[in-house]
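Subject: Structure handover

Hello,

My notes on what turned up follow below it.

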Amino acid sequence: MSETDEVIDRELTMSRAMVESIAHEMREDEEVFYMGEDVADYGGIFDSTQGLLDEFGRDRIMDVPISETAYLGAAVGAAQEGMRPIAELMFADFFGVAMDQIYNQLAKNTYMSGGNVNVPLVLTAAVGGTYNDAAQHSQTLYGTFAHIPGLKLVVPSTAYDAKGLMHNAIRDDDPVMYLFHKRLMGIGWMPAPSGPKTPVPETDYTIPFGSADIKREGADVTVVTLGLHVHRALAAAESLAAEGIDVEVVDLRTLVPLDTDTILESVRKTGRLVVVDEDYRSFGVTGEVIARVADRDLGALDAVERVAVPDVPIPYARPMENEVIPDADDIEARVRAVASE
Amino acid sequence: MVSQDKLCELYADMLTARYYEERLQEEYLEGKQPAFDISAGPIPGELHLAAGQEAAAVGVCHHLRADDTVTAPHRPHHVAIAKGVDLKRMSAEIFGRKTGLGKGKGGHMHLFDPDVSFACSGIIAEGCPPAAGAALAATKRNEDAVAVAFLGEGAIDQGAFLESLNFASVHDLPVVFVVEDNDWAISMPKERVTDVEDGSDRAAGFDMPGIRVDQDDAIAVYEAAGEAIGRARDRNGPTLLEVQVHRRMGHFMGDPQTYRSDADEEAALARDSIDRLEAELRDHGVDDDELDAIRDEAESRVDEAIAWAKEQPHPDPDDAYDDVFVNPPSGVTTEEPEFELAEVNADE
């Protein structure tokens with residue numbers, strides 16, 4: 001069944017899809033505005049706001065001082081007044097300088113007020129490595145943001161998902177962190193793999209949070225992942241198909257809420273689980289996903305592996321960065337390992 | 001000239017705030033004597049009382065409307081009272097009851113009353129950016145509401161405060177930053193944490209007016225704040241206002257104050273802004289009967305609120321699971337869209 005009869009073949013990069021949904025919401029609702037560093041004239045270092053200044057002007061596409069505590073906190077304050085700000089943290093790695101506003105204000109004010117106050121803020125941030133930017137500009141920090149109760153956490157892997165998830169994020173009355181992977185955006189100076197550029201409907205549509213997407217169906221091994229590594233897992237799955245291993249790739253799309261049902265359904269089918277993450281190995285997404293499955297149905301797990309950044313900061317030089325950020329070969333190796341158990 | 005009626009209103013709120021803190025102190029210490037046990041007694045947690053700081057709160061908040069936003073720090077009761085926060089529900093929150101402002105989830109450092117645009121943060125100076133954001137929202141909506149962030153002098157070395165001054169200045173936001181200088185950052189006297197004696201001097205670095213009210217005097221604060229809030233209301237930008245106040249109690253209840261000399265404490269107790277305002281009212285010809293009537297009304301309002309709070313039900317343990325997010329969820333979809341998308345090459 002389809003909402004229209006036509007096959008949608010208009011392809012967009014992930015950044016264009018994000019910008020399209022932001023522009024749509026800004027046209028519909030005057031209370032939506034965007035603020036961040038270099039989001040106006042520059043259009044976002046990672047193309048997250050490209051073209052928006054021309055249509056909406058400086059009041060609604062607001063450049064701000066390099067002062068994350070001030071402007072993220074101001075976004076919290078404006079959201080508590082009922083506006084719907086989108087605030088951009090240029091790199092997720094910069095969260096440390098404004099951590100109190102994220103961890104103690106944004107995430108907790110709804111709870112501490114007993115639901116009297118809500119904070120409809122979308123906090124966008126670029127994440128991820130693979131381009132040799134070293135330890136302070138390459139992290140995903142998925143686990144860090146998913147850890148604190150009170151924040152919803154979105155990580156799109158394709159243009160189609162990016163648009164639908166952004167519409168939902170802006171309309172959500174709770175705080176949403178929307179983490180976009182730099183490598184997926186389709187930026188001229190940072191070539192994307194071909195996967196994230198997808199057909200995107202022109203209409204507005206919302207993708208619900210907590211609905212993981214099966215990006216590839218398979219019978220033998222379940223790979224659960226997100227962001228850039230959806231594409232690396234799909235590449236691994238293609239190689240493994242030639243060896244006769246049929247991999248199912250589950251794209252989480254949101255970490256909070258986490259769609260445990262879809263993961264579990266897949267694991268019950270395959271019995272073998274590999275969780276792939278571009279965040280640090282310990283105390284993170286891989287451990288959490290495995291624990292959720294184990295809590296709900298330990299018997300469904302015949303074999304488990306995880307693939308993540310070993311517990312070291314992201315190194316600068318190419319041989320070392322390539323070593324620690326999981327690639328398709330790393331995923332293939334772990335899938336083979338569980339498939340042979 | 002401040003009218004006599006206004007002076008009586010300021011006096012009433014100062015008495016209310018002072019008596020409130022005295023009553024909370026009594027309640028708080030119940031079950032905590034002779035050995036102080038923070039987990040005993042009817043009021044949970046820490047308690048930071050503001051006795052001696054009333055002049056700053058009433059002098060500022062009496063210029064504000066319900067739609068003007070105020071953020072207060074961990075020592076918020078006097079500001080909340082001056083802003084018109086519901087005293088009963090605030091008390092119930094402090095006693096950790098289900099009908100409190102935050103259903104017992106926030107406590108005394110985290111009071112939120114959206115009906116009068118009042119919010120708190122227990123993290124010092126971190127209420128400044130949200131206050132600037134409320135002012136930004138008013139500007140974007142072309143409303144003439146203003147915002148005020150309260151903080152202590154111990155918070156003015158925090159980045160959140162200094163960043164907010166810059167942010168407010170560069171965006172010409174209608175916000176006033178009010179520093180309550182009670183001379184003490186817990187155990188650290190001001191001269192040991194900063195070489196800038198007058199905190200309002202910091203405004204110069206952000207090209208905004210800085211005013212210091214040296215006397216712990218509600219009328220002087222009211223006049224200075226009128227100027228600052230008027231400037232914000234007229235869209236002429238932010239102001240930094242520092243007010244000398246006095247800390248009559250410890251940093252928190254249970255603070256032995258061994259770091260503080262008897263002379264300092266006695267000096268703080270001797271300079272009472274309430275006595276000062278009372279003398280002023282007598283000069284205006286307000287007699288004992290009228291003053292007593294104001295006091296009686298303030299005290300019965302407080303007693304009534306505290307009595308009401310203590311009768312309120314405790315939260316159910318399971319209530320802990322609610323309100324992490326807006327409940328029921330709103331604004332969001334649960335339906336997966338259905339489109340027929342063309343095949344794409346998913347290889348990396």
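Thr130(A) counts as buried, because 20 C-beta neighbours lie inside 10 Å and 20 or more is the cut-off. This is a predicted model, so treat every value here as computed from it. Phi is near 90°, a positive value in a residue other than glycine. Most residues other than glycine have a negative phi. Thr130(A) sits in the loop between strand S5 (122–127) and H6 of chain A.

Chain B has a counterpart for your list. Ile186(B) is not a glycine either, and its phi is positive at about 50°. Its loop runs between strand S5 (184–185) and strand S6 (188–189) of chain B.

Cis peptides

Two cis bonds to check. Most peptide bonds are trans. In chain A, a cis bond joins Val256(A) and Pro257(A), with omega about -5°. Pro257(A) belongs to the loop between strand S12 (254–256) and helix H9 (260–270) of chain A. In chain B, the cis bond is between Gln33(B) and Pro34(B), and omega is about 0°. Pro34(B) is in the loop that links helix H1 (4–29) with helix H2 (54–61) of chain B.

Chain A overall

Chain A contains 12 helices and 14 strands. Its radius of gyration is 20 Å, close to the 20 Å that the globule rule gives for 341 residues, so chain A is as compact as a globular protein of that length. The C-alpha trace spans about 60 × 45 × 45 Å along its principal axes. Of the 341 residues, 62% are buried. Take the contacts between residues at least 6 apart in sequence: 79% of them join residues at least 24 apart.

Domains of chain A

The contact takes 28 residues from domain 1 of chain A and 28 residues from domain 2 of chain A. On the domain 1 side, the elements giving two or more residues are helix H6 (142–147), strand S6 (152–154) and helix H7 (159–171) of chain A. That side divides into 14 nonpolar, 11 polar and three charged residues.

Sheet in chain A

What is the strand order in the open sheet of five strands? The order is S9-S11-S10-S13-S14 (chain A), with mixed pairing. Strand S9 (213–216) and strand S14 (303–309) of chain A are the edges, and each pairs on one side only. From one strand to the next, the twist averages 25°. Helix H8 (residues 228–242) of chain A packs on this sheet. H8 touches S9, S10, strand S11 (247–251) and S13 of chain A, and its direction makes about 170° with that of S11(A). Within the sheet, strand S10 (residues 221–225) and strand S13 (residues 272–280) of chain A run parallel, joined by three bridges. Val224(A) has Val275(A) as its bridge partner in S13(A).

Sheet in chain B

Chain B has an open sheet of six strands, ordered S2-S1-S3-S4-S8-S7 (chain B), with parallel pairing. Its edges are strand S2 (118–120) and strand S7 (210–213) of chain B. The twist averages 20° from one strand to the next. Helix H5 (residues 128–140) of chain B packs on the sheet and touches strand S1 (69–72), S2, S3 and S4 of chain B. The direction of H5 makes about 170° with that of S3(B). Strand S3 (residues 147–152) and strand S4 (residues 175–181) of chain B pair in the parallel sense over six bridges. Leu151(B) stands opposite Val179(B) in S4(B).

Chain A against chain B

The interface brings 62 residues of chain A into contact with 52 residues of chain B. Elements giving two or more residues on the chain A side include helix H3 (68–80), helix H4 (99–106), H7 and H8 of chain A. Which element gives the most to that side? H3(A) does, with 10 residues. The chain A side divides into 27 nonpolar, 24 polar and 11 charged residues.

Best wishes

Methods
Residues are numbered from 1 along each chain as its sequence is written. Chains are lettered from A and ligands numbered from 1 in the order in which they are written. This is a predicted model: local features need pLDDT of at least 70, side-chain atom pairs count only at pLDDT 80 or more; totals for chains, interfaces and linings use all residues. Two strands pair if DSSP finds at least two bridges between them. Helices (H or I, at least four residues) and strands (E, at least two) are DSSP runs, numbered from the N terminus. Axes are lines fitted to C-alpha atoms, for helices over the stretch in contact, and angles run from 0 to 180 degrees between N-to-C directions. Two residues are in contact if their C-beta atoms, placed from the backbone, lie within 7 Å. The radius of gyration is taken over C-alpha atoms; the globule rule is 2.2 Å times the number of residues to the power 0.38. A residue is buried if 20 or more other C-beta atoms lie within 10 Å of its own, exposed if 12 or fewer, and partly exposed in between; C-beta atoms are placed from the backbone. Ala, Val, Leu, Ile, Met, Phe, Trp, Tyr, Cys and Pro count as nonpolar, Asp, Glu, Lys and Arg as charged, and the others, Gly among them, as polar.
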